[in-house]
Amino acid sequence: MISVFGSANMDLVAYVSQAPKRGETVTGREFRTVPGGKGANQAIAAARAGTHVSFLGAVGDDGFGTEMRATLAEAGVDVERLRRVPGPSGIAHIVVDDAGGNSIIVVPGANGTVTGLTDEDRAVIAASQALLLQLELPMEAVVAAARAGRASDVPVILTPAPAQPLPDELLDAVTVLVPNEHEAAAITGVTDPDAAADALLKRVPEVLITLGSEGALYASRSGERLREPAVRVTAVDTTAAGDTFVGAFAVARAEGRAPAECLRFASAAAALSVQREGASTSMPTRAEIEDVLA
């Protein structure tokens, strides 16, 4: 079982030929509301990739909250520990251009009310084979969850997004840090992925840097270093590619696979997701991932 402690947002997605510049108005070709948020995305990705997932977080008492809870449940995610709080749910305003690139504004809403763990949350984390964390909840809550995972010898996998300073008390509890290349550069001050990995290994035992169309780089303090090329596909929407990658990687790792196998499994899942529009709607099933690997 994998636990995910993180955000749930309703994604308000506008599709345009080219994203507007400051002060500019453009006409979009389509608009959709799609349940998302980095936490919910990773939970759905992991569930579809073939494991039991328990999601810990919060939604508001609005229609978006009801829809997000239903979407998670329909994907096979356990939502017993998903809190419902007064007020609006979190939202993300996303602009997707014809090249598949995106820009995102997140308004936390109910996610901002999650400032700590309950005893029930700690019990779920302790029973997990891996804990997935991101940074769309208040930092104090993320630190508390990471510490709970570390205290129970549960591998803690952190996606440091959105990019921000990472306190030592958080990194001391992290097993695998999974930044993209821009986040890795922001944290370390160096742009070369290998050099960034070396710098990050001084703070965490394992690093996995996602490199978009260039694949991924894995490094560990034991000396293992792997490069996994991306599966060559035509991207339609890259919105949830990173979350899909992390969710699938966590599943493979929880199954005891070697790092190289975990990378291949995750890369196949991400390649499938970028060929589809939307966040949670783009994530592949285990059968689809295994078809690509075959």
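**Entry 1: helix α8**

I started with α8 and listed its buried residues: Ala241, Asp243, Thr244, Phe245, Val246, Gly247, Ala248, Phe249, Ala250, Val251 and Ala252. I note here that the model is predicted. Of the 14 residues of α8, 11 are buried, so the helix is largely enclosed by the rest of the structure. I took buried as under 20% relative accessible area.

Next I checked the length of α8. The helix reaches 20 Å from its first C-alpha to its last, close to the 20 Å expected at 1.5 Å a residue. I then looked just past the end of α8. Glycine 256 sits there with a positive phi of about 85 degrees.

**Entry 2: helix α9**

I wrote down the buried set: Cys262, Leu263, Phe265, Ala266, Ser267, Ala268, Ala269, Ala270, Ala271, Leu272 and Ser273.

What covers the buried residues of α9? I found that the cover includes the strands β12 (206-210), β13 (216-220) and β14 (225-228). The helices α8 and α10 (286-293) are also part of the cover.

**Entry 3: the cores**

I turned to the nonpolar cores. In soluble globular proteins, nonpolar side chains tend to be buried together. The largest nonpolar core here has 49 residues. Phe55, Leu72, Val77, Ile157, Leu208 and Phe249 have the most contacts inside this core.

I followed up leucine 208. Not counting residues up to four places away in sequence, leucine 208 touches Val176, Leu177, Val178, Pro179, Ala216, Leu217, Tyr218, Phe245, Phe249 and Leu263. Phe245 and Phe249 belong to the buried set of α8, and Leu263 belongs to that of α9.

**Entry 4: strand β4**

Phenylalanine 55 came next. I placed this residue in strand β4. Phenylalanine 55 has a relative accessible area of 0%, so it is buried. With neighbours within four places in sequence left aside, phenylalanine 55 is in contact with Val4, Gly6, Ser7, Ala8, Gly39, Ala40, Ala43, Leu72, Val77, Asp78, Arg81 and Leu82. I also took its distance to proline 108: 17 Å, C-alpha to C-alpha, at 53 residues apart in sequence.

Is serine 54 buried or exposed? Serine 54 has 5% relative accessibility, so I count it as buried. Strand β4 covers residues 53-60 and holds serine 54. Beyond four places in sequence, serine 54 touches Met1, Ile2, Ser3, Val4, Asp78 and Val124.

**Entry 5: the largest pocket**

The largest pocket holds about 1,200 Å³. Its lining has 44 residues, and Asn180, Thr238, Thr239, Ala241 and Gly242 lie nearest the centre. I sorted the lining by class: 21 residues are nonpolar, 16 polar and seven charged.

Which element gives the most to the lining? The answer is α8, with five residues. The elements that each supply at least two residues include β2 (9-15), α1 (38-48), β7 (90-96), β8 (102-107) and α6 (181-188). Helix α9 is also on that list.

**Entry 6: strand β2**

I picked out alanine 14, which lies in strand β2. Leaving aside neighbours within four places in sequence, I found alanine 14 in contact with Glu30, Phe31, Ile94, Val95 and Val96. Alanine 14 and leucine 170 are 35 Å apart, C-alpha to C-alpha, and 156 residues apart in sequence.

**Entry 7: backbone checks**

I finished with the backbone. Alanine 161 and proline 162 are joined by a cis peptide bond, with omega about 0 degrees. Proline 162 sits in the loop between β10 (156-158) and α5 (168-171).

Aspartate 153 has a positive phi, near 60 degrees, although this residue is not a glycine. I located aspartate 153 in the loop between α4 (139-151) and β10. Its relative accessibility is 71%, so aspartate 153 counts as exposed.

Definitions and conventions. Residues are numbered from 1 along each chain as its sequence is written. This is a predicted model: local features need pLDDT of at least 70, side-chain atom pairs count only at pLDDT 80 or more; totals for chains, interfaces and linings use all residues. Side-chain values use heavy atoms; hydrogens and water are left out. A nonpolar core is a set of buried Ala, Val, Leu, Ile, Met, Phe, Trp, Tyr and Cys residues joined through side-chain atoms within 4.5 Å. Buried means under 20% relative accessible area, exposed over 50%, partly exposed in between (1.4 Å probe, protein chains only). Contact means heavy atoms within 4.5 Å. On a 1 Å grid over the protein atoms alone, a cavity is a set of points where a 1.4 Å probe fits but cannot get out, and a pocket is an open set with protein on both sides within 12 Å along at least five of seven lines; lining residues have an atom within 4 Å of a point. Grid points are joined across faces, edges and corners, and a volume is the space filled by probe spheres set on the points. Helices (H or I, at least four residues) and strands (E, at least two) are DSSP runs, numbered from the N terminus. Ala, Val, Leu, Ile, Met, Phe, Trp, Tyr, Cys and Pro count as nonpolar, Asp, Glu, Lys and Arg as charged, and the others, Gly among them, as polar. The expected span of a helix is 1.5 Å times one less than its number of residues.
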